[in-house]
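Please read them with the structure open.

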Amino acid sequence: MDVQQGTLALMILRTLEVLGPLHGYGVARRIEETSRHRLTLNYGTLYPALLKLEQEGFIAAEWRQSENNRRAKFYALTAAGRKRLARETREWQQTADLIAAFLAPRREAP
Amino acid sequence: MRHIRAALARLAGFFTKDRADDDLKEELQAHLDMETAEYIRRGMAPDAARRRALLASGGLTQAAEAVRDQRGLPWLESVVADIRYALRTLRRSPAFTAVVVLTLALGIGANTAIFSVVHGVLLKPLPNRDGDRLLYLRQSADGPGQANISFSVPEVHDFRTGVPSLGGIAEYSPWNLTLQGDNDAVRLDVGLVTGNYFDVMGLAPVLGRLTRPSDDGAGVPPVMVLTHDFWIKRFGGDRGIVGRQVKLDGQSVTVIGVLQPAPFFPDRIDALLNMVVSPHHVSAMMVQNRSHRMTEVVARLAPGATVAQARAEVAAIYSRLQSDYKDAYNPGSHYRIAVTPFKEALGERARLTLWLLMAAAAFVMIISAANVANLTLMRGVRREHELVVRAALGAGVARLRRLLLVENLVLTLLGAVFGVVIALVGVRLLVSLAARYSPRAGEIRLDGVVLGFTLALSVALALLLSYIASLPQEGTFASWISAGVRRMSGSLRKQRLQRGLVVAQVAVSVVLLAGAGLLTRTMIRLSEVDSGLRAEEVFAMDVPLLQLSGGPSGGTDPMAWFRHIMELDVAAKEQYERMRSEIRALPGVTEAGLGSSIPLAASTLTFDVKVEGEALAVGEAVPRADVRTASPEYFRASGIPLLQGREFTSTDRGGSGLVVIVNKTFADKFFPGEDPVGKRIAWTGPLLKLSPISGDWRTIVGVSGNTRDGGLDAEPRASVFMPFAQMLSIGGALVIRADSNAPGLVAAATRIVHRIAPAAPIVRVLTVAQIKDQSVSPRRLNAELVSSFGILALIIAAVGIAGVLAFSVSARTTEIGIRMSLGADRGQVQRMILREGGVLLALGLVLGVAGAFFATGLVRGLLYGVAPRDPTTFVGVALLMAAIGILTCWIPALRASRIDPAIAMRSA
């Protein structure tokens with residue numbers, strides 16, 4: 001299953017909120033695991049999305065040592081990123097509630 | 001905010017590409033390593049783990065490319081690459097590039113130059129504050145010289161009180177004054193203005209102050225404001241001029257300021273003064289007489305008022321005036337008033353000529369663009385192979401289109417650069433042309449607006465050129481490539497387009513040439529017009545001696561001013577006669593005469609006239625005639641033939657009987673089929689009371705031939721000559737005939753004039769040939785400009801035809817080879833190619849002649865002595881175009897017939 005346009009950014013932000021600063025590999029694994037491997041991210045999808053968020057100022061990047069002592073680029077949520085995440089989460093929930101209400105099985109036959 | 005930030009980050013990314021690339025490589029490698037390590041940890045063999053990780057990545061190169069697209073400005077990077085590529089391609093075909101750039105430069109240059117004139121003279125806002133709210137009022141009546149008779153002070157007063165939508169009405173009276181310098185005297189064209197003039201006009205001083213209402217009326221000191229041009233020309237831009245006293249017509253006048261550069265209408269002027277400088281202008285006669293019209297009127301719309309409102313209100317007042325003052329508005333003369341925006345009035349003489357030139361330049365642009373389009377199309381065919389290869393390597397249609405666009409932009413912008421250089425030279429020539437038609441010629445500049453026009457033109461051309469090239473639909477490439485096609489020739493459509501363009505070129509050239517032909521014939525006709533006098537070795541000098549300002553200022557006796565002028569006149573007449581007789585005595589001079597104005601110059605004075613024993617029919621316009629004076633020698637000196645009766649003699653003087661000589665137009669109009677000699681006429685009308693001229697009967701003693709006083713293209717007007725000695729020496733001109741080399745006598749004659757009247761300005765010295773040329777030369781310049789556009793169009797179109805046929809021949813080499821090997825001889829092949837070109841040519845000719853048939857009607861106003869659909873011109877132009885066209889078809893036809901069938905078929 002491919003990632004829907006616009007939702008990948010939300011997933012990345014949420015991942016960074018839950019796990020704290022993380023490298024690209026970590027983000028990809030986390031998203032794949034959370035989706036129970038229904039989503040797979042190749043680099044050509046992930047890294048442009050990360051770069052875009054960085055350009056927009058929602059995340060910040062920094063080179064650090066990884067857990068197994070490898071140099072890796074770590075991404076962390078910024079204050080603006082936190083705000084955007086909160087707003088988008090709210091909007092998504094509203095949309096989801098709305099769609100759920102529409103798609104709910106009919107209670108009684110006409 | 002977020003978008004700006006992202007854009008800035010991208011811009012930064014564009015410039016820090018290399019370092020970011022290293023970073024990215026490391027980041028992606030780290031990801032791959034970690035993933036590999038993870039698979040190994042789960043128990044895979046290192047090789048398999050690595051392969052698995054690579055597979056999951058989706059390709060490192062592709063990922064890097066995707067990130068690069070997000071990082072910098074991918075379009076900018078590829079545009080830079082496209083420009084580099086375009087420059088490389090164009091360098092590889094220098095002949096193509098040179099021809100295209102040159103063709104475009106000519107087209108763009110012509111358009112830029114003409115547009116700069118159109119913009120400066122017709123379109124640009126006036127330098128006046130809120131210049132679009134200024135209105136020009138024009139009063140006219142039927143009859144010669146009555147197209148713009150200006151206004152009297154009482155009329156202006158009525159408008160001032162009765163038209164609320166005009167917020168301010170300024171008076172401006174054209175006048176002449178002699179400025180006495182330290183060692184010379186010059187005649188100034190000035191405007192006498194009311195104190196509100198500059199406020200209404202919305203003009204500011206660059207130095208000192210302007211006149212204001214406190215400078216109005218009698219009993220104030222006379223003051224002068226210099227126009228910017230005159231300040232530079234006469235005083236070299238001296239900033240110390242303010243406060244200086246100058247001598248004008250013998251009076252001391254203070255210079256109070258210098259005006260900002262601004263256009264004047266109807267004529268260019270040197271300075272503006274308050275009315276008091278001319279006693280006549282503050283006299284009761286001027287201020288109270290409704291028929292005494294010598295004031296121009298410019299008004300400013302009141303806030304919120306519209307031109308339509310002003311027109312309606314002015315018309316209402318005017319019809320009331322006409323019924324209240326019958327004697328000032330003779331019903332037969334159809335007095336009328338027009339309210340036009342000042343900017344339109346300034347442009348009225350230039351408008352038709354300039355739009356004609358703009359249209360001619362646009363035609364040249366169309367032809368150049370068609371040529372370049374053809375060259376591009378032909379080159380496009382040769383490049384199809386290249387485009388297929390590029391498509392095979394992954395370039396989409398949009399990408400190829402952009403590549404073409406960039407290439408064409410490089411071409412048109414190069415053309416624009418050279419075009420602007422051409423325009424810079426052309427504009428200088430055009431300013432001198434525009435100066436004959438418009439007071440705004442000084443405002444012509446190659447400014448931002450003009451360059452913007454040039455840029456827009458170039459970009460539009462590039463777009464056009466890029467989109468006529470046919471590229472296949474997205475998605476069809478694959479089938480082309482898999483089919484192993486080397487070319488994509490959808491060339492039937494393309495050839496049809498090329499031929500269409502050639503037909504259009506021929507047609508447009510014919511229209512342009514027809515215009516050029518008509519204007520050239522106009523110019524020739526005009527120079528052939530008989531001016532009415534034997535030109536040979538004659539020159540004339542304008543030497544006004546009477547200084548009408550000065551003298552008793554605004555006295556209680558309105559006739560005091562006249563008496564003063566009459567006294568001056570006695571002295572002036574004596575000086576004129578001394579000048580005449582001394583110049584006559586110069587060796588080489590065969591005759592010298594005196595008159596009110598030089599021959600072939602319009603008289604400034606016209607009066608109503610009546611014939612003894614004849615009453616006007618009811619409703620008939622009061623006839624008018626030009627007032628001129630002549631000494632007995634004037635006609636012989638000028639070479640004006642006497643048709644009937646006698647010349648003036650030295651006995652026709654002050655005390656003797658009043659006599660006149662009338663011209664042929666006058667005789668034909670008032671005495672059709674009769675002998676006018678011995679009949680009597682008299683001056684009449686409301687204006688006469690204001691002049692020192694009597695309304696007594698005057699006996700006609702002779703009839704002179706007509707002269708073209710209003711320019712060679714104007715019909716001769718009725719004129720009445722009075723003896724120089726019997727009339728106030730208004731104007732004042734010497735006419736000198738020599739047995740040879742008249743220009744060589746100018747210096748000697750000038751010395752005599754200066755010696756006898758040191759304080760008199762010599763306004764102009766002209767040979768009769770020069771006077772004649774003044775009315776021909778603007779037409780000549782017109783004809784030359786349009787003709788050079790026409791010739792340019794012809795050349796470009798010829799190159800176009802030859803090019804398209806040559807291309808067709810080279811595309812049909814194999815076919816021609818087959819035909820020849822099957823027995824077609826050279827003549828047949830030649831005829832085949834000629835026929836191909838001939839059809840295009842004939843189509844273009846038909847369309848062109850039809851187009852010219854409509855287009856030339858629009859320039860009727862610029863023609864003289866030739867009909868807009870003059871058959872001679874049309875036939876001549878069609879023949880010329882046909883001849884050139886056939887000649888250019890011949891070259892490719894010859895080449896086709898020399899094709900060697902063996903070689904042609906082998907190389908196929």
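1. Start with the interface in this predicted model. On the chain B side, 24 residues are in contact with 19 residues of chain A. Four elements of chain B give two or more residues each to that side: α1 (2–15), α2 (17–41), α3 (46–57) and α4 (60–71). The largest share comes from α2(B), with eight residues.

2. Next, the make-up of that surface. The residues of chain B that touch chain A divide into eleven nonpolar, six polar and seven charged.

3. How is chain B divided into domains? The assignment gives five entries. Domain 1 covers 2–64. Domain 2 is written in two segments, 73–129 + 351–489. Domain 3 spans 142–334. Domain 4 also has two segments, 501–530 + 768–908. Domain 5 runs over 544–762. Taken over C-alpha atoms, the centres of domain 3 and domain 4 of chain B are separated by 54 Å.

4. Overall dimensions come next. Chain B has a radius of gyration of 38 Å, whereas a compact globule of 908 residues would have one near 29 Å. Along the principal axes, its C-alpha atoms fill a box of roughly 135 × 75 × 55 Å.

5. Secondary structure and packing. Chain B holds 26 helices and 21 strands. Of its 908 residues, 43% are buried. Among contacts in chain B with a separation of 6 or more, 83% are between residues 24 or more positions apart.

Methods. Residues numbered from 1 in each chain as written. Chains lettered and ligands numbered in written order. Predicted model: local features only at pLDDT ≥ 70, side-chain atom pairs only at ≥ 80, totals over all residues. Rg over C-alpha atoms; globule rule 2.2 N^0.38 Å. Buried ≥ 20, exposed ≤ 12 C-beta atoms within 10 Å, placed from the backbone. Contact = placed C-beta atoms within 7 Å. Nonpolar A, V, L, I, M, F, W, Y, C, P; charged D, E, K, R; others polar. Domains from an automatic or database assignment.
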